[in-house]
Amino acid sequence: MTISSETHTALPATTTPVILENVQKIFPGKQNWIDRRLKRSTLGFIALEGINLQIQSNTFVSIIGPSGCGKSTLLNIVAGLSLPTSGSVFINGEPIRGPGPDRGIVFQNYALMPWMTVSDNIRFAVETVHPRMPLSNQRKLVQRYINLVGLDGAERKHPHELSGGMKQRVGLARALVIDPQILLMDEPFGALDALTRSYLQDEIQRIWQEELKTVIMITHSIEEALLLSDQIVMMSRGPAARIVSILDVPFPRPRHRDELDQYPHYHSLKAEMEHHLVQEARAVEESRI
Amino acid sequence: MAVSSKSNLSSESVSWYQDQNLQATLIFITSLVVILGIWELGARLGFFAELMPTASATLVALWGWISNPFYDYGPNDKGIGWQLVVSLRRVILGFTISSLIAIPLGVYIGLSKVLSKAIDPYVQLLKPVSPLAWLPLGLGLLKNSEATALFVIAITSLWPTLINTKFGVSNVDPNYLDVARSLGASRWRIVWKVVLPSAAPNIIAGLRISIGIAWLVIVAAEMLIGGTGIGYFVWNEWNNLSITSIITAIVVVGMVGIVLDRFFAFWQDLVSFGRKV
């Protein structure tokens, strides 16, 4: 695309905070000396191939695709936790060098430190990003985000005393407290029961409208993607997973799950996604036989 | 049954004899009485060796030692309390030396896969060596019995802490590391704030095994080194042919071992926060 020529001006950088150009990720196989001698060397595994994606400012983007297609790998590359084998990733027009506080991450399994209380878990993020901030300010900031995610009263609890839904609220508060421009969520509600899940989806929508972030969320759920996203990125199965198509979800906000199917495009979008996912899943199963 | 209580939804009513803790306690007490009874009878009827004292005489001696632990009638006649103090001091010193080596080394090794593999042969080779094998080496090199005791305790109690620390450090949940890395935490901060607290239950599990080994080793070491201490006490009482005193020492050593173990178990609970080790 022509975006790279615009990166020198200030404005386009803020309107297109995430740009992926021809990103490829290969996990190296066993190629060392001993493995070659023992004839057990393996080829590298091509996880992602030719990924081009531009994400506009303050949009909510979902990535959906069959299991093992490299969605998490893609998110880790944007997070800076994993480097692409080739291709480039730009965050605000700057090529990515590693993880940074401009991106907050919500993990599927919460990744809360068990030895820290709820507020210590959140304060760990503040303290890491702003080591010189006075303690009283840190505490105020932490309290603000505890209120935002509705965890008042649980500040001094440890993660093992919380339910899954509460843990993910802490995970969300920890990601948001550093005020990142981009929020990355890796199947944030995947491990939750259906009721907690829908409740947290509504919470995410509310918080997203209050805080205005660019969000990239990985999901397995078609309904979840349709409820929350502005755009849905559909990926093909791995290896060498690519982006098949990007769907726009034009429903007005705030959205309510019980009215969602009233919108004109709902059923056609859902059918298109279902068709794609079923087809990919079938191909994955067949390739295993 | 005569117990006709109103059906209570909040607490299932269980007859007193179904309480498992009570059952276990009863079995323990009964078996203890049976063992002491066989011992008493056997000793009185001369079933055992000549030296074997009766259970009652042993209990009287045990009470004699425990009721007056801190007397001092010269180098060969000290209360069992003094012996324990001397032994505990040695164990704690030797254990501290070993922990001060094992924990930092374990952390350092655990952070690097290459170092882990490189150090592993030493650990595997030296870990199973009996404490008694180290004793002559210590005496020969250090030429000092006190230093040798500490050396033997330190070198035998080193391995569990080292191995557990290494294991805990190299098995930190990668998600915790991702959290810290994604926030841009320095390596130093990651080690202090994430790796060490995450490995703490493993480290303390290692310390718990180590203190057990240190306490196990002290008796053997002191028997050979002499002076004071519970190990020398056992040897001295053997020379006096006082079997009651030896049995007393065995019981007391066991009880101190329980206290040491409980202390570390408590500490382990304190840093686990719901995690299982």
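Select Ala240(A) to begin. In this predicted model, Ala240(A) is partly exposed, because 17 other C-beta atoms lie within 10 Å, a count that falls between the 12 or fewer of an exposed residue and the 20 or more of a buried one. Ala240(A) sits in the loop between strand S9 (231–235) and S10 of chain A. Its phi is positive, at about 55°, although Ala240(A) is not a glycine.

Next, follow chain A to Pro254(A). This proline belongs to the loop between strand S10 (243–248) and helix H9 (266–288) of chain A. Display the backbone here: the peptide bond from Arg253(A) to Pro254(A) is cis, with omega near -5°.

**Chain A as a whole**

Now select the whole of chain A and colour it by secondary structure. Along its principal axes, the C-alpha trace spans about 60 × 55 × 45 Å. Of the 289 residues in chain A, 38% are buried. Among contacts in chain A between residues at least 6 apart in sequence, 71% join residues at least 24 apart.

Colour the two domains of chain A separately: domain 1 (65–99 + 221–289) and domain 2 (109–181 + 194–213). How far apart do the C-alpha centres of these domains lie? The separation is 26 Å. Where the domains meet, seven residues of domain 1 are in contact with five residues of domain 2.

**The nonpolar core**

Select Ile122(A), Ala173(A), Ile216(A) and Ile153(B) together. These are the residues with the most contacts inside the largest nonpolar core, which has 122 residues. Which helix gives the most to this core? It is helix H8 (residues 187–225) of chain B, with 17 residues. The core also draws at least three residues from each of domain 1 and domain 2 of chain A. In soluble globular proteins, nonpolar side chains tend to be buried together.

Centre the view on Ala173(A). Leaving aside neighbours within four places in sequence, Ala173(A) is in contact with Ile122(A), Tyr145(A), Ile146(A), Leu148(A), Val149(A) and Leu151(A).

**Between the chains, and into chain B**

Show both chains. Here 17 residues of chain B are in contact with 19 residues of chain A. On the chain B side, helix H7 (174–182) and H8 are the elements that give two or more residues, and H7(B) gives the most, with six residues.

Stay on helix H8 of chain B and select Ile211(B), which is found there. Is Ile211(B) buried or exposed? Ile211(B) counts as buried because it has 23 C-beta neighbours inside 10 Å. Not counting residues up to four places away in sequence, Ile211(B) touches Phe95(B), Leu260(B) and Phe264(B).

For a contrast, select Leu241(B), in the loop between helix H9 (230–239) and helix H10 (243–272) of chain B. Leu241(B) counts as exposed, because it has 9 C-beta neighbours inside 10 Å. Leu241(B) has a positive phi of about 55° although it is not a glycine.

Finish at helix H4 (residues 113–126) of chain B. Its 14 residues reach 20 Å from the first C-alpha to the last, close to the 20 Å expected. H4(B) bends by about 35° at Ile119(B), and Pro121(B) follows within four residues. H4(B) is hardly covered, since the count of buried residues among its 14 residues is zero.

Technical notes: Residues numbered from 1 in each chain as written. Chains lettered and ligands numbered in written order. Predicted model: local features only at pLDDT ≥ 70, side-chain atom pairs only at ≥ 80, totals over all residues. Expected span 1.5 Å × (residues − 1). Bend = angle between axes of the 7 residues up to and from the residue. Contact = placed C-beta atoms within 7 Å. Core = buried A, V, L, I, M, F, W, Y, C linked by C-beta atoms within 7 Å. Domains from an automatic or database assignment.
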